[in-house]
Amino acid sequence: MLSHLNLEATELRLGLPGSIDDVPSNNKRPSPEDHQTPPAPKAQIVGWPPVKSYRKSTAAAKNEEAESGMYVKVSMDGAPYLRKIDIRLYNGYSHLLTALEDMFKLSIGEYSEREGYKGSEYAPAYEDKDGDLMLVGDVPWEMFMSSCKRLRIMRGADARGLASAQ
Amino acid sequence: MAYSFPEEVLEHVFSFLSSARDRNTVSLVCKSWYEIERWCRHRIFVGNCYAVSPEIVIRRFPELRAVEMKGKPHFADFNLVPEGWGAYAYPWIAAMAEAYPFLEEIKLKRMVVTDETLELISKSYKNFKVLVLTSCEGFTTDGLASIAANCRHLRELDLRESEVEDLSGNWLSDFPDSCTSLVSLNMSCLGSEVSFSALERLVARSPDLRTLRLNRAVPLEKLANLVRHAPQLVELGTGAYSAEIRSDTFSSLADAFSACKQLKALSGFWDVVPSYLPAVYSVCSGITSLNLSYAAIPSSDLVKLISQCQNLQRLWVLDYIEDSGLEALAASCKDLQELRVFPSDPFGAEPNVSLTEQGLVSVSEGCPKLESVLYFCRQMSNAALIAIAKNRPNFIRFRLCIIEPQAADYLTLEPLDTGFGAIVENCKELRRLSMSGLLTDRVFKYIGTHAKKLEMLSIAFAGESDFGLHHVLSGCDSLRKLEIRDCPFGDKALLANAEKLETMRSLWMSSCSVSFGACKLLAQKMPRLNVEVIDERGPPDSRPESCSVERVYVYRTVASRQRLDMPDFVWTLEEDSSMRYALYVLEALVLFQRWFACLLQFRWKLGTLPLKQEENWLELLKMSTIFTLAELSFTNKDAIFNVIFIRLWE
């Protein structure tokens with residue numbers, strides 16, 4: 001009702017006069033003769049720069065490689081098929097082991113440096129970059145994440161042998 | 001014709017003509033030559049799959065053995081053509097399966113190829129030898145398995161840059177043990193692992209293998225084994241070029257490479273670990289083509305490799321090479337013909353490398369044979385472009401992409417018109433040009449005036465008015481393909497140059513100012529052009545006719561203008577006879593005016609007319625016509641009158 005008085009002009013603000021944008025004064029459809037205005041600096045225009053899609057992913061991949069998903073196969077002795085998990089999703093050993101317990105419906109005991117996984121038939125082991133079978137939990141989590149190539153849930157005598165060998 | 005040679009002789013003569021253009025010319029000489037030629041043509045190239053139909057091709061050429069075809073327009077590479085637009089290979093393959101049981105070669109570019117299509121290919125042609133799919137999509141590794149299993153004489157399987165859905169890596173195992181004919185295998189675009197043992201056995205039993213391009217998933221540790229089985233390779237694409245640094249891996253690789261005495265081209269190099277690059281040094285002196293466009297390593301490492309390749313003719317590289325690396329390139333590779341520099345971080349706001357216009361200037365100075373360039377950079381100046389043009393008048397392809405749209409000359413803040421003008425003026429053999437940066441109508445005037453051999457032009461975010469487009473369409477005599485995006489070009493130039501479009505393969509305009517009314521008019525006027533309005537906002541006639549269309553794709557065609565595979569966002573124009581009659585009347589008016597003008601001039605020249613009176617008459621007639629039409633044009637805002645107005649004014 002009082003909009004015609006343009007009360008905004010009388011408002012006290014901090015800032016140089018004229019620094020506030022004007023309200024658009026019309027709803028004119030943009031005419032075809034309008035000169036192209038440069039796009040906003042950060043806005044991504046479709047298809048520009050003209051780089052084919054498979055090149056884009058290469059360029060991005062370089063930056064993302066350090067944080068890319070790390071899927072490893074998980075096998076369990078006696079299970080008919082393997083699973084695959086992204087170990088990057090877990091923030092530590094207990095998180096990982098809980099997930100494995102859920103996935104394979106088993107329980108893995110408590111980890112101790114001296115005795116490995118006590119109190120269960122199962123021991124989680126992993127294959128590292130050199131191809132050796134190692135017990136999960138010995139090295140810091142970050143080191144484990146970068147060296148783990150494959151997980152294996154061992155059971156029975158083998159597991160205990162592995163544990164006691166540590 | 002009593003004097004003509006027997007058919008067999010003519011056929012024999014024609015067999016020496018390999019170029020399609022020559023054969024097309026020959027078939028225009030006379031009816032009997034047309035007949036003879038069509039029966040002995042074995043190879044065709046169809047630049048636009050919608051320009052002709054399978055039935056027409058089959059009817060004319062009954063004995064084809066090799067077909068090469070292109071589908072989507074070039075801008076489809078940059079996602080400007082919506083999914084589902086068309087370019088399906090299946091109808092062609094199905095029609096040809098019956099007509100050409102002895103077909104040997106199929107090469108497709110930017111087409112949609114399904115697994116059914118691949119299966120049909122593999123089962124229909126007993127002698128099938130060559131399959132090249134460039135930038136195609138729509139198929140999976142199952143389709144590849146059909147090809148592997150059924151094409152007993154397969155020589156080439158080249159999947160360059162295609163998008164393949166990886167269902168399993170085992171398709172390679174489907175090559176039977178009896179298949180020993182492979183000459184070329186390019187699977188570089190595949191994402192997932194293939195069975196390495198199958199690959200190794202395939203390579204080992206293919207003594208004619210000349211080209212092997214692996215995909216990223218093939219580890220470096222296994223590369224030496226493969227190369228050792230194929231020391232006769234001419235072109236090799238590695239997989240991931242990284243491994244833990246071990247001397248035995250390195251020496252094994254270096255040894256394997258040193259046995260490859262014929263290697264001319266290297267590519268691949270994903271995830272490069274620079275310490276392994278010296279393993280290829282033994283072959284570098286013979287290398288003519290090097291594709292390092294995935295090698296994200298610093299300039300110094302790139303230069304160390306490149307400076308070993310004294311005979312390099314073609315280099316594709318990332319902008320990590322920087323100006324310093326390009327200077328080194330210019331100093332060591334004097335035979336360089338083609339350079340492509342790709343952006344490592346195309347969407348970053350700030351430059352991440354020190355690559356500027358100077359790099360291109362150095363190469364243009366130092367490499368006298370340089371004729372083809374694709375260069376992405378973040379700044380350019382008129383001075384640099386002028387220098388480049390003066391250094392290298394022998395350019396045939398010049399594609400410059402300044403990453404920021406409408407970037408001005410960074411030294412003078414002026415448009416880059418004079419720079420590109422110098423390019424077209426000096427490079428008289430220029431066939432392909434892509435421009436970027438801040439450009440006004442002036443650059444198009446230069447192009448229309450000088451670029452007489454230009455065949456393909458790509459424009460983005462450039463120009464000020466229809467005059468820009470008009471200069472190009474009226475001036476570039478050899479123009480075949482024109483693609484434009486985000487330019488203020490509209491109806492007038494398009495309609496005034498309608499006939500020109502029939503001499504070209506295609507015109508693409510997206511995010512410009514072409515109205516639906518003009519599209520309809522153009523289609524009415526030119527029955528042999530297909531004017532496709534590609535608009536995802538719903539039917540164009542639900543909006544005012546003067547509203548701009550999102551995209552328009554115009555191409556000449558002898559096939560039906562209502563292609564059967566049109567998706568719901570493509571509109572081609574239906575016949576409207578009342579519009580056509582209005583056009584005829586106005587065309588007649590223009591012709592009458594011109595005839596009358598000629599008549600008067602003629603009589604004046606003969607001296608049979610006193611000058612003043614008839615001249616006044618003529619002027620009077622012309623002015624009255626112009627004013628009437630001008631009035632109609634301004635009040636009616638109908639494109640028809642604009643067209644006539646422009647033509648009279650000329």
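In chain B, UniProt lists residues 5-46 as "domain: F-box" in an unreviewed entry; such positions follow the numbering used here, feature names are shortened, and the annotation may be inferred rather than shown by experiment. This is a predicted model, in which local features need pLDDT of at least 70 and side-chain atom pairs count only at pLDDT 80 or more, while totals for chains, interfaces and linings use all residues. Residues are numbered from 1 along each chain as its sequence is written, chains are lettered from A and ligands numbered from 1 in the order in which they are written, and side-chain values use heavy atoms, with hydrogens and water left out.

Let's begin with that annotated span. The C-alpha atoms at the ends of residues 5-46 of chain B are 30 Å apart, and the span is 57% helix and 10% strand. Here helices (H or I, at least four residues) and strands (E, at least two) are DSSP runs, numbered from the N terminus. Within helix α3 (residues 31-39) of chain B you will find B:E35. B:E35 has a relative accessible area of 35%, so it counts as partly exposed; buried means under 20%, exposed over 50%, and partly exposed in between (1.4 Å probe, protein chains only). Between B:E35 and B:F61 there are 9.6 Å in space, C-alpha to C-alpha, and 26 residues in sequence.

Now to the charges. Side chains of opposite charge can pair when their charged atoms come close. Over all chains, the structure holds 35 salt bridges, each being a side-chain nitrogen of Lys or Arg within 4 Å of a carboxyl oxygen of Asp or Glu. One of them joins B:D271 to B:R216, with the closest N and O atoms 2.6 Å apart. This pair links distant parts of the chain, 55 residues apart: B:D271 sits in the loop between β11 (265-267) and β12 (289-292) of chain B, and B:R216 in the loop between β9 (211-213) and α9 of chain B. B:D271 is partly exposed because its relative accessibility is 24%, and B:R216 is partly exposed at 30%.

Another salt bridge brings together the side chains of B:E455 and B:R480, at 3.2 Å from N to O. B:E455 lies in the loop between α16 (441-450) and β18 (456-460) of chain B, whereas B:R480 lies in the loop between α17 (466-475) and β19 (481-485) of chain B, 25 residues apart. Is B:E455 buried or exposed? With 18% relative accessibility, B:E455 counts as buried, while B:R480, at 26%, is partly exposed. Elsewhere, B:D535, B:E536, B:R537, B:R543, B:E550 and B:R551 are linked in a network of salt bridges.

Finally, look at the backbone. Most residues other than glycine have a negative phi, and most peptide bonds are trans. Which peptide bond is cis, with omega near -5 degrees? The bond from A:W48 to A:P49 is, and A:P49 belongs to the segment before α1 (53-64) of chain A. B:E161 is not a glycine, yet has a positive phi of about 55 degrees; B:E161 is in the loop between β6 (156-158) and β7 (163-165) of chain B and is partly exposed at 27% relative accessible area. B:F461, also not a glycine, has a positive phi of about 55 degrees. The place of B:F461 is the loop between β18 and α17 of chain B, and its 6% relative accessibility makes it count as buried.
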